[in-house]
Amino acid sequence: MASLDRVKVLVLGDSGVGKSSLVHLLCHNQVLGNPSWTVGCSVDVRVHDYKEGTPEEKTYYIELWDVGGSVGSASSVKSTRAVFYNSVNGIILVHDLTNKKSSQNLHRWSLEALNKDSSPTGVIVSNGDYDREQFAENPIPLLLIGTKYDQIPENKRNDVLARTAFLSEDFNAEEINLDCTNPRYFAAGSSNAVKLSRFFDKVIEKRYFIRDPCQTTAFTDKKRFNFKSLHYD
């Protein structure tokens, strides 16, 4: 196969939420039989057709970087993890729909990856200390994915989905809720497949078609992250 242009997408979330299973499903359209804990970072590749079915259609590689660890890790672990956050083009935030804390911790994951980890100590709630305006002008495309949808008790699904809708608004991102053990959630033409394709198209557009010479790739700069000054070069 000829060499293809590529983009880098982080897959972030607490340990045990199903990131590895999700990445395997996205890249191979198969269920991961024996998922294990990710140590450091695992990278897999998905082939994506940008603007499929149009005259502008072009094939790209989507590198999915599954980052292991916990937002409660020691500073030394966070420092080591920071190397994975260089030159990022998009972020998929993954949470367990049956674990409310994993949803709340997504704010901390995103702030860590974007070098805005100035969050208050403890769990951040979407209607508390967290300021959703931090993501209003974020040039890095975000996608929110909730896993283990099948494990939500029927009588609690409306409440859980209402909570995830607020979380989606916080990040100014579309949301997908699914069961990683069922490939049909990404069946061709389904709403989830459309959302996923739209997200990858946006990531590619930001990387290859929207350029600003004043932007920079200062992900590892310890200064406060400026959303208007980022560019993958």
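Welcome! Start your tour with the cysteines: the structure holds 0 disulfides. A disulfide is a covalent bond between the sulfur atoms of two cysteines. Keep in mind as you click around that this is a predicted model.

Stop 1: Select Cys27. Is Cys27 buried or exposed? Its relative accessible area is 17%, and buried means under 20%, so Cys27 counts as buried. Now select Cys180, which is also buried, at 7% relative accessibility.

**Stop 2: the whole chain.** Zoom out and switch to a cartoon view. You can trace 6 helices and 6 strands. Starting at the N terminus, follow the elements in the order β-α-β-β-α-β-α-α-β-α-β-α. The chain has 233 residues, and 46% of them are buried. Among contacts with a separation of 6 or more, 68% join residues 24 or more positions apart.

**Stop 3: Glu205.** Select helix H6, residues 191–208, and find Glu205 within it. Glu205 is partly exposed, with a relative accessible area of 26%. Which residues does Glu205 touch, leaving aside those up to four places away in sequence? They are Tyr50, Lys51 and Ile210.

**Stop 4: Glu205 and Tyr50.** Show both side chains. Tyr50 and Glu205 are 155 residues apart along the chain, yet their C-alpha atoms are separated by 8.9 Å. Look between the two side chains and you will find a polar contact, at 3.2 Å.

Note on methods:
Residues numbered from 1 in each chain as written. Predicted model: local features only at pLDDT ≥ 70, side-chain atom pairs only at ≥ 80, totals over all residues. Heavy atoms only, no water. Helix = DSSP H or I, 4+ residues; strand = E, 2+ residues; numbered from the N terminus. Buried < 20%, exposed > 50% of the residue type's maximum accessible area, 1.4 Å probe, protein only. Contact = heavy atoms within 4.5 Å. Polar contact = N/O pair within 3.5 Å; in protein donor to acceptor, adjacent residues only side chain to side chain. Disulfide = S-S within 2.5 Å.
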